[in-house]
Amino acid sequence: MTDLLFLAFAAVTIGAAILAIEARDLVYGAAALGIAFLGVAGLFFLLDAAYVGWFQIAVYIGAVVVLILFTVMLVGPKKGETPLELKRVSLLAAMLVSLLLGMTGALANATAFPGPDACGSGCDLALFSTSLLKNYGVPLEFMSLVMAAAVIGALALSKTDRGQ
Amino acid sequence: MEPLSSFFAVSVILLGIGIYGLTTKRNAIRILFSVELIYNAANLNIIAFARLRNPPIVTGQVLVLFTIALAAMEAAVGLSIIILVSRLNADIDLSKLSKLKG
């Protein structure tokens, strides 16, 4: 059951990621990116990280993909097209990717990292949230400060001077 | 349960797709897609390694929580820069942006 789910999520993630990079239309690319994020969230669920999976769905699909779609609409679909690609860089990238895939083949040896046993009470959400608030409370507050700074910076960057 | 190596394999493939997009594409939004894919590959890797122990290591999951929030902020700032560039220039081809070159 888990194997089938894993295969489905992995296939959806990788296929949608390739589509996000290679789709001709940027709007389709953004939609495919959202599906890839959904697949990664599914993999998080399989790894017993349910809270992180829901966070991924809320932040990536709820915020980032919507933001990207708005930007594509604002910039305009015409400007999004760049038909010319660099040949030599493309070759280099293909070599790099094949190197990485070769590393994967070497690493995908099931005896190196066997699947852990199913965890019962260890994967409890209460444990996670207690640790999050008890040990990482101050970093969490700093995170919200950085988030506020980023939002103000983004607003200041894209502000238009209507007076001129 | 599926062996953890398969999750690492998915992570490496996502990283490869991200690097491929980063090197071959010149559209700023497409490059942002690639960066987000690389972020996701890193997050998946961290979560898989945190699951190596039983029960899972909570620190890894908290780290991924912070990474996701930081990636969202990075996307917000990057997209506002892209909007600014598209307002100043005709298109958002990154190889044509040489205004800051000395």
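Tutor: A residue is buried if 20 or more other C-beta atoms lie within 10 Å of its own, exposed if 12 or fewer, and partly exposed in between, with the C-beta atoms placed from the backbone. This is a predicted model, in which local features need pLDDT of at least 70 and side-chain atom pairs count only at pLDDT 80 or more, whereas totals for chains, interfaces and linings use all residues. Residues are numbered from 1 along each chain as its sequence is written, and chains are lettered from A and ligands numbered from 1 in the order in which they are written.

Student: Is Ala23(A) buried, exposed or partly exposed, and why?
Tutor: Ala23(A) counts as partly exposed because it has 18 C-beta neighbours inside 10 Å. Ala23(A) is found in the loop between H1 and H2 of chain A, where helices (H or I, at least four residues) and strands (E, at least two) are DSSP runs numbered from the N terminus. Two residues are in contact if their C-beta atoms, placed from the backbone, lie within 7 Å, and Ala23(A), leaving aside its neighbours within four places in sequence, is in contact with Tyr28(A), Gly29(A) and Ala32(A).

Student: And why does Asp48(A) count as it does?
Tutor: Asp48(A) counts as buried because 21 C-beta neighbours lie inside 10 Å. Asp48(A) lies in the loop between H2 and H3 of chain A, and its phi is near 60 degrees, a positive value in a residue other than glycine. Over the chain, 24% of the 164 residues of chain A count as buried.

Student: How many helices and strands does chain A have?
Tutor: Chain A has six helices and zero strands, so that its pattern, read along the sequence, is α-α-α-α-α-α.

Student: How should I describe two packed helices?
Tutor: Two packed helices are described by the angle between their axes and the distance between the axes. Axes are lines fitted to C-alpha atoms, for helices over the stretch in contact, and angles run from 0 to 180 degrees between N-to-C directions. Angles under 35 degrees count as roughly parallel, over 145 as roughly antiparallel, 65 to 115 as roughly perpendicular and the rest as oblique. H1(A) and H2(A) pack at about 155 degrees, with their axes 8 Å apart, which means that H1(A) is roughly antiparallel to H2(A). The residues of this contact of H1(A) with H2(A) divide into 15 nonpolar, five polar and no charged, where Ala, Val, Leu, Ile, Met, Phe, Trp, Tyr, Cys and Pro count as nonpolar, Asp, Glu, Lys and Arg as charged, and the others, Gly among them, as polar.

Student: At what angle do helices H2 and H3 of chain B cross?
Tutor: Helix H2 (residues 28-50) and helix H3 (residues 58-88) of chain B cross at roughly 175 degrees, and their axes come within 10 Å. That makes H2(B) roughly antiparallel to H3(B). By class, the contact of H2(B) with H3(B) has 16 nonpolar, five polar and one charged residues.

Student: How many residues does each chain bring to the contact between chain A and chain B?
Tutor: The contact takes 78 residues from chain A and 62 residues from chain B. H3(A) gives the most to the side of chain A that touches chain B, with twelve residues. By class, that side of chain A has 58 nonpolar, 15 polar and five charged residues.
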